[in-house]
Amino acid sequence: MDNRHFVPPAVNRRDFLRRAGNGFGAIALAALGTEQSLRAATVSNPLAPKLAHHAARAKRIIFLFMQGGPSQMDLFDYKPKLAEFAGKPFELPANYEAPGLNKTKLMGPISSFRNYGQSGLHMTEWFPAIGNVADDLCVLRGMQTDTEAHTTAIRQINTGAPVLVRPSMGAWIVYGLGTENANMPGFITIRPSLTGDAGSPQNFGAAFLPAIYQGTPVGLAKSEEPAVIDYSRNEKFTSGLQGRQMDMLRSLNREFVTRTPDSAMEGMIESFELAFRMQSEAPGLMDLSKESKATHKLYGIDEKETRDLGQQCLLARRLVEAGVRFVQVNDDGWDHHASIRDGLPKKCRQVDRPIAGLITDLKARGLLEETLVIWGGEFGRTPFDQDLSLGKAPEENRGREHNPRGFTMWLAGGGVKGGLVHGATDDFAFQAVDGKVHMHDLHATILHLLGLDHEKLTYRYSGRDFRLTDVYGRVVTEILA
Amino acid sequence: LLNSPWIAEQAEVLATKLIQDDQLLDRQRVNDLILRIYNRKPAESEIMRGLEFVYDFERRASVDQTAKGTGPPGRLAWTAYIQTLLASNEFLYRI
């Protein structure tokens, strides 16, 4: 190598860009750096378990995100009036606009309902397995969210805010509580959607929280590949040799941090440390073949239709069992604008056994008591039908439009009353009228169950204290066990 | 970055070139790498630390039975050093 003609520039590329551009960014970053180093001085490992605000009822979360908008009146919220007025016109609220609604008519419930369990929970016959755990479910029939487009509503269920970039629920929780297993991330999201209407990395991001709190994605939506953590094994060096390499990297980075004022770099150092530790534990944890045949069967992994979600649910159980604080399971395909009569029962078959298996298994292992399971989509659906073909397709092929005004989600385990129905919608399951639970209220309740006060869990950024619930949120005390 | 086969391959290519030139002293090698990768001249302490790492890694790799078959310990050590520089915050965020 001949370096005689090479003279290092006085200003490197990055400095040049920074100086040539607007200097305010650098000032903000410097301020952020100071704040973080103050924090770092008191908390050495940002993922170390932290004290909650009050006694927790749940230690960990499994969020079963049913992306698309499951139809509440066909699954959990039967309305005799809707059956009676099926086929009759429906007067839309003023200024209501959506495609394919010009000759809109009420669509009666498309599934039969029955009572399940001791509690007599009334829900669809398409969930026979979930019906077996009906007495563990706390059904919220008066859910509401602010917007009726996927992108915004998905962002709201995941981050609290429909439009602006905010930290996700999982990131807030790990920021608030740390994690119980230092060898694993505190927040893992299985097969998330990264693009389009259905999702974006923002939905599991940390936004302005330190980057170490962001969700670690495992696998991708709609992928045939097994869900694994990328690059979780080193092919070249043994762990002893890589340990030596890590020491070197640590020392290079520590020195770099002391040499430059830019201590936002701490996040990178921490993530390398975590990744190195994960190598010892993650591959084993992700290996579902370690589970018995009976367990595979319980989750429906033995059948093609239920295999995919079954594997995700089993992985979720293995992760929470290992001390991961927040695990999100992502299922899509609930957006039945058309052909809901075929599409919805098919979705129900895909999820029924895996979800029931998860709850049964958590219960059998004594984990359900301290694990809060959350089921639901970003919104629900309308009682009236929608015809996106504008009259070309037969009437049986119609579906339902998005509906944020009133829909159903359910919780199970960790400190909520089982076999309970809370809240109600109007006669057509269109608007919540009683026991309304806004998405902010759900978030406040989830934090409460984890021992966190949603008004106290704040992070100072850009001059003010931010919260998951912004300036909203009420803990739904009626459902607490 | 530390586990990516692509980064490992780039590091190995550079390491192979580096040790082919047997006229070079090891301390020149460290000097050249820092100049190339960080775009600045190294401090004396950095050269010493780099050398210490490469020698120590080479010694460990030569006694580690499981590491055999992935290449001669010397090349492995230089590869590891280069890869560490490539994964460091200074390279990722300042260059």
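Helix 13 of chain A, residues 439-449, is largely enclosed by the rest of the structure, because 10 of its 11 residues are buried. The structure is a predicted model. The buried positions of helix 13 of chain A are M439(A), H440(A), D441(A), L442(A), H443(A), A444(A), T445(A), I446(A), L447(A) and L449(A). Just after helix 13 of chain A comes G451(A), with a positive phi of about 90 degrees.

Helix 6 of chain A, residues 150-159, is mostly covered, with 9 of its 10 residues buried. Those buried are H150(A), T152(A), A153(A), I154(A), R155(A), Q156(A), I157(A), N158(A) and T159(A). Helix 6 of chain A is followed by G160(A), which has a positive phi near 90 degrees.

These helices belong to a chain with 13 helices and 17 strands. Of the 481 residues of chain A, 55% count as buried. When contacts in chain A between residues at least 6 apart in sequence are considered, 78% of them join residues at least 24 apart.

In soluble globular proteins, nonpolar side chains tend to be buried together. In this model the largest nonpolar core has 105 residues, and L64(A), F127(A), W375(A) and W410(A) are those with the most contacts inside it. Helix 12 of chain A, residues 340-364, gives the most to this core, with 9 residues. The surroundings of L64(A) can be listed directly: neighbours within four places in sequence aside, L64(A) is in contact with C313(A), V329(A), I355(A), L358(A), V373(A), I374(A), W375(A) and G376(A).

On the side of helix 11 of chain A, the contact is made by E305(A), T306(A), L309(A), G310(A), C313(A), R317(A) and V320(A), which meet K346(A), R349(A), Q350(A), V351(A), R353(A), P354(A), I355(A), L358(A), D361(A) and L362(A) in helix 12 of chain A. By class, the residues of this contact divide into 8 nonpolar, 3 polar and 6 charged.

The loop between helix 12 and strand 8 (371-376) of chain A holds R365(A). Its relative accessibility is 36%, so R365(A) counts as partly exposed. Leaving aside neighbours within four places in sequence, R365(A) is in contact with E291(A), R317(A) and E321(A). R365(A) and E321(A) are 44 residues apart along the chain, while their C-alpha atoms are separated by 9.2 Å.

Helix 2 of chain B, residues 26-38, and helix 4 of chain B, residues 73-87, pack at an angle of about 30 degrees, with their axes 10 Å apart. Helix 2 of chain B and helix 4 of chain B are therefore roughly parallel to each other, and the crossing is right-handed. In helix 2 of chain B, D26(B), R29(B), V30(B), L33(B), I34(B), I37(B) and Y38(B) meet W78(B), Y81(B), I82(B), L85(B) and L86(B) of helix 4 of chain B. This contact has 10 nonpolar, no polar and 2 charged residues. An α-helix has 3.6 residues a turn, so residues three or four places apart point the same way.

Technical notes:
Residues numbered from 1 in each chain as written. Chains lettered and ligands numbered in written order. Predicted model: local features only at pLDDT ≥ 70, side-chain atom pairs only at ≥ 80, totals over all residues. Heavy atoms only, no water. Axes fitted to C-alpha atoms, helices over the stretch in contact; angles between N-to-C directions. Helix = DSSP H or I, 4+ residues; strand = E, 2+ residues; numbered from the N terminus. Parallel < 35°, antiparallel > 145°, perpendicular 65-115°, else oblique. Left-handed = near helix turned anticlockwise from the far one by under 90°. Contact = heavy atoms within 4.5 Å. Nonpolar A, V, L, I, M, F, W, Y, C, P; charged D, E, K, R; others polar. Core = buried A, V, L, I, M, F, W, Y, C linked by side-chain atoms within 4.5 Å. Buried < 20%, exposed > 50% of the residue type's maximum accessible area, 1.4 Å probe, protein only.
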